[in-house]
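Take a moment with the picture before reading on.

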Amino acid sequence: MTAIDNSPAQDIPALVARLGRRSIVFVGLMGAGKTVIGRKVAAALDLPFIDSDHEIERVSRMSVPELFSKYGEAEFRSLERRVLSRLLKQGPQVLSTGGGAFMSERTRKAIARSGVSVWLKADLETLMHRVTKRQNRPLLNTQDPRAVMQRLMDLRYPVYEQASIVVRTRDEPKEVIAAEVISGLVDHFKKHPDEG
């Protein structure tokens, strides 16, 4: 078990017990840190970590950009829903989802049934700084990626607000953000004692 500062160690076994078979599901825009923070939280809780995009690539034998290019976004989202539905039956685990996954009402309901959603909320500057480092963002292959990101924020943030827990991700060490996620999970189960 990896210790994370700011998170009382005695809370971790209780938190894992409260999770039962449920998954911790990270949602948010590309660049929010769902995979990096998800891995840290999984290590701290001694749970498996799964990146849904990697699982989609594994089952399809194609990269996410290739899937978008060959089949289009609608077909990709359909595959994403099926993969997430299967993954959610395998908890407890920490699961990182693609930025558009939580936009599906069916997926949100499945996550609510089998998991606890955590939105990593970031501002535009943070997201742009992070996503410009990688070229595998199909939605940003455009003349004005900043405008696209702003549109995605305007469209998706009201839906992400439905997540069980919101943690503001920013230019802080990943251990700090992971500790805030764990504290948020502990608080969530204190406020919702019947859940789990």
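Q: How many salt bridges does a search of the whole structure find?
A: The search finds nine salt bridges. Keep in mind that this is a predicted model.

Q: How do you know what confidence the predictor has in the protein chain?
A: We look at pLDDT, which is the predictor's confidence in each residue, from 0 to 100. The mean pLDDT of the protein chain is 89, and 89% of its residues reach 70 or more. Residues 1-7 are another matter: pLDDT stays under 50 there. For that stretch the model has 17 contacts beyond four places in sequence.

Q: What makes the meeting of Arg 58 and Glu 55 a salt bridge?
A: The cut-off is a side-chain nitrogen of Lys or Arg within 4 Å of a carboxyl oxygen of Asp or Glu. The side chains of Arg 58 and Glu 55 meet at 2.7 Å, N to O, so the pair meets the definition of a salt bridge. Both residues lie in helix H3 (residues 52-60), three residues apart, about one turn of the helix. In general, residues three or four places apart in an α-helix point the same way, because there are 3.6 residues a turn. Glu 55 and Arg 58 are also linked with Arg 86 in a network of salt bridges.

Q: Why is Arg 58 called exposed, and why is Glu 55 called buried?
A: Exposed means over 50% relative accessible area, and buried means under 20%. Arg 58 has 53%, so the word for Arg 58 is exposed. Glu 55 has 12% relative accessibility, so Glu 55 counts as buried.

Q: What makes the pair of Arg 170 and Glu 180 a tie between parts of the chain?
A: Their side chains meet in a salt bridge of 2.6 Å, N to O. Arg 170 lies in the loop between S5 and helix H8 (174-191), while Glu 180 lies in helix H8, so the pair ties together parts that are 10 residues apart in sequence. Arg 170 is called buried because its relative accessible area is 15%. Glu 180 is called partly exposed because its value is 31%.

Q: How do you know that Arg 108 has no salt bridge?
A: The nearest side chain of opposite charge, Glu 105, is 4.9 Å away. A polar contact of 3.3 Å joins the side chains of Arg 108 and Gln 162. Leaving aside neighbours within four places in sequence, Arg 108 is in contact with Phe 102, Met 103, Val 159 and Gln 162.

Q: Why are S1 and S4 said to pair?
A: Pairing needs at least two bridges between two strands. Five bridges join strand S1 (residues 23-27) to S4, and the two run parallel, so they pass the cut-off for pairing. Val 27 stands opposite Trp 119 in S4. S4 is joined to strand S5 (residues 165-168) as well, by four bridges, again parallel. There, Val 118 has Ile 165 as its bridge partner.

Q: What makes strand S3 covered on both faces?
A: In strand S3 (residues 93-96), Gln 93 and Leu 95 are buried on one side, and Val 94 and Ser 96 are buried on the other. In a regular strand the side chains alternate between the two faces of the sheet. S3 pairs with S1 in the parallel sense over four bridges, where Val 25 has Leu 95 as its partner. Strand S2 (residues 49-51) also pairs with S3 in the parallel sense, over three bridges.

Definitions and conventions:
Residues are numbered from 1 along each chain as its sequence is written. This is a predicted model: local features need pLDDT of at least 70, side-chain atom pairs count only at pLDDT 80 or more; totals for chains, interfaces and linings use all residues. Side-chain values use heavy atoms; hydrogens and water are left out. Contact means heavy atoms within 4.5 Å. Buried means under 20% relative accessible area, exposed over 50%, partly exposed in between (1.4 Å probe, protein chains only). Lys and Arg count as positive and Asp and Glu as negative; His and the chain ends are not counted. A polar contact is a pair of N or O atoms within 3.5 Å; within protein, one must be able to donate a hydrogen and the other to accept it, and residues adjacent in sequence count only if both atoms are side-chain atoms.
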